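Subject: Structure handover

Hello,

Here is the structure for you to look over. My notes on it follow below.

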Amino acid sequence: MPRRTLAPVLLLLGSLALTAACSTGSTPADSAPSPDGPSRTRGNDTGSQVDLTKLKGVNIVNDSSTDPSCPWATSYPDVPGADRMTTAMKKDVEGRLAVFLGTDIGGPPSCGGSAGTDGPEGPELNVSFSFLVASGDVLGVRLGTVDRTSNADGLATRAYWYDGAAKKYRPSPGFIADGSWDAFVSALKKRLEKREGVTPDTVEALDDQESRDAYLDDMAFTTDGDLKVDFDRGTVGLPPAGRISVTLPRATVTPWLSDFGSRAERQTTDPDDKLDLGAAHTPAPPVAAQPDPGEDTTDCSKAKCIALTFDDGPAAPETGTLLKHLAQYKARATFFVVGQNVATHPDIVRAEMKSGHEIANHSWNHPVLTNLTPAQIRSQLQRTNAAIKAATGKEPTLFRPPYGAIDGKVRAATSLSPVLWDMDTLDWKTHDPAKVAQTVISQAEPNDVVLIHDIHPTSVAAVPQILRTLTSRGYHFVTVSHLRATL
């Protein structure tokens with residue numbers, strides 16, 4: 001199994017100036033430019049500041065590889081009551097991953113698959129999410145995809161909507177009433193025809209039903225009630241024109257809205273106090289903190305220590321189960337959390353900290369940091385730091401770059417200290433508790449940092465055997481910071 005060494009030099013640890021606030025209404029992925037550029041301000045901002053306390057029982061479905069030669073990470077939310085929308089997102093995400101890996105055309109996986117020629121940064125697939133609306137009987141989610149094997153700019157966005165009143169998943173065109181399509185398309189075409197880089201043939205394609213549904217897959221209301229339509233690069237315009245957006249004023253578009261469109265507009269401009277999609281089942285209880293084992297006096301220069309690290313969470317209910325396993329052996333661990341999951345599950349992160357574990361930064365949505373600009377790297381880490389501090393009251397001092405991708409640019413963008421690993425369990429490949437446990441048990445050496453993922457139930461199921469066996473061999477389970485401090 002691959003082994004990675006700890007970063008050999010500790011960077012000076014200091015507090016970050018948090019210049020970017022944590023917001024679920026942010027760009028789909030910091031690994032690409034905002035689809036709207038600098039125009040996402042009051043009056044032209046879709047899905048701003050969704051109150052995540054309304055999302056009871058939400059589960060983040062995420063997965064990723066640790067293979068630096070074929071990096072991919074996907075995530076989308078599963079909200080109770082919106083099963084049909086979750087099914088639609090799942091199908092689209094799995095389809096994108098299949099194309100990226102090449103499994104859509106049969107044969108063994110090949111990174112990049114049939115998607116095109118690798119970009120200058122190398123192949124990468126990242127699918128992340130942001131909430132547009134979560135209020136009353138309306139739920140809206142935007143998925144942002146960065147595919148660096150794409151021949152365009154690699155960024156694609158799509159909005160998914162759920163109508164709790166009708167209990168139906170509704171794509172963006174569901175905003176427009178059946179009898180109003182001609183007027184809506186005519187107004188849209190007039191706006192597009194004035195835009196530089198827009199070609200007449202692509203504008204005329206909006207008259208075709210099939211093309212229309214494909215082009216109009218990302219529509220949302222602004223905080224002022226205007227309707228904003230986002231087009232991926234190369235759809236209605238020439239690729240050099242970049243992403244194109246059109247905003248139709250509220251007064252113009254309101255007469256054309258369907259019943260659902262009207263409710264989505266209202267829940268964006270004047271949201272209710274809670275989200276109620278009529279979920280039939282009761283959400284799982286919140287994750288409880290386990291007893292804190294107290295001060296760790298282990299001297300890792302004399303004792304056999306090992307640092308278990310868990311990436312990509314928090315996850316419900318997996319992380320809660322893991323906390324119980326660790327508490328049984330008074331084992332401490334370090335959790336490298338993903339910002340978008342922290343913002344959705346701050347209670348789980350608080351439980352991790354109160355249980356005596358260390359919380360560290362694993363970026364906002366798991367991109368290859370070396371592919372980003374310095375500003376994008378800072379955003380990824382600062383937003384996650386802000387989410388962790390909001391949940392726990394304390395900023396982290398450590399970060400783990402996704403896929404272990406780090407260079408001088410990444411180091412210069414943050415004062416957080418990087419942490420890699422000595423042992424990769426490859427649990428994302430095997431999904432076999434016995435194999436994961438055996439990997440750790442057979443390869444463990446004193447002072448190892450072990451990489452596991454708490455988003456996989458099979459990985460969490462492997463932990464009791466790891467703890468039981470290595471404890472019997474005299475190992476102490478410590479945090480990364482404690483390991484570093486006592487060596």
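**What was found**

In this predicted model, residues 24 or more positions apart account for 73% of the contacts with a separation of 6 or more (contact: heavy atoms within 4.5 Å). Local features need pLDDT of at least 70, side-chain atom pairs count only at pLDDT 80 or more, and totals for chains, interfaces and linings use all residues. Residues are numbered from 1 along each chain as its sequence is written, and side-chain values use heavy atoms, with hydrogens and water left out.

**Overall**

The chain has 15 helices and 17 strands. Both are DSSP runs numbered from the N terminus: helices are H or I with at least four residues, strands are E with at least two. Of the 487 residues, 58% count as buried (buried is under 20% relative accessible area, exposed over 50%, partly exposed in between; 1.4 Å probe, protein chains only).

**An open sheet**

Three strands line up as β7-β8-β9, with antiparallel pairing. Strands pair if DSSP finds at least two bridges between them. β7 (219–221) and β9 (244–248) each have a single partner strand, so one side of each is left without a neighbour in the sheet. The twist averages 20° from one strand to the next. Helix α2 (residues 181–193) packs on this sheet and touches β7, β8 and β9. Its direction makes about 130° with that of β9 (axes are lines fitted to C-alpha atoms, for helices over the stretch in contact; angles run from 0 to 180 degrees between N-to-C directions).

Three bridges join β7 to β8 (residues 227–231). Alanine 220 has lysine 228 as its bridge partner in β8. Lysine 228 also forms a salt bridge with aspartate 230, at 3.0 Å between the closest N and O atoms (salt bridge: a side-chain nitrogen of Lys or Arg within 4 Å of a carboxyl oxygen of Asp or Glu). Both lysine 228 and aspartate 230 are buried.

**A hairpin**

β5 and β6 form a hairpin with four residues between them. Lysine 167 in the turn has a positive phi of about 55°. Four bridges join the two strands, which run antiparallel. Tyrosine 160 stands opposite proline 171 in β6.

**Other salt bridges**

The structure holds 18 salt bridges. Glutamate 94 and lysine 90 meet at 2.9 Å, N to O. They are four residues apart in helix α1 (residues 83–101), so about one helical turn separates them. Arginine 250 pairs with glutamate 265 at 3.5 Å. This pair links helix α5 to helix α6, 15 residues apart. Glutamate 265 is buried, at 5% relative accessible area, whereas arginine 250 is partly exposed, at 35%.

Best wishes
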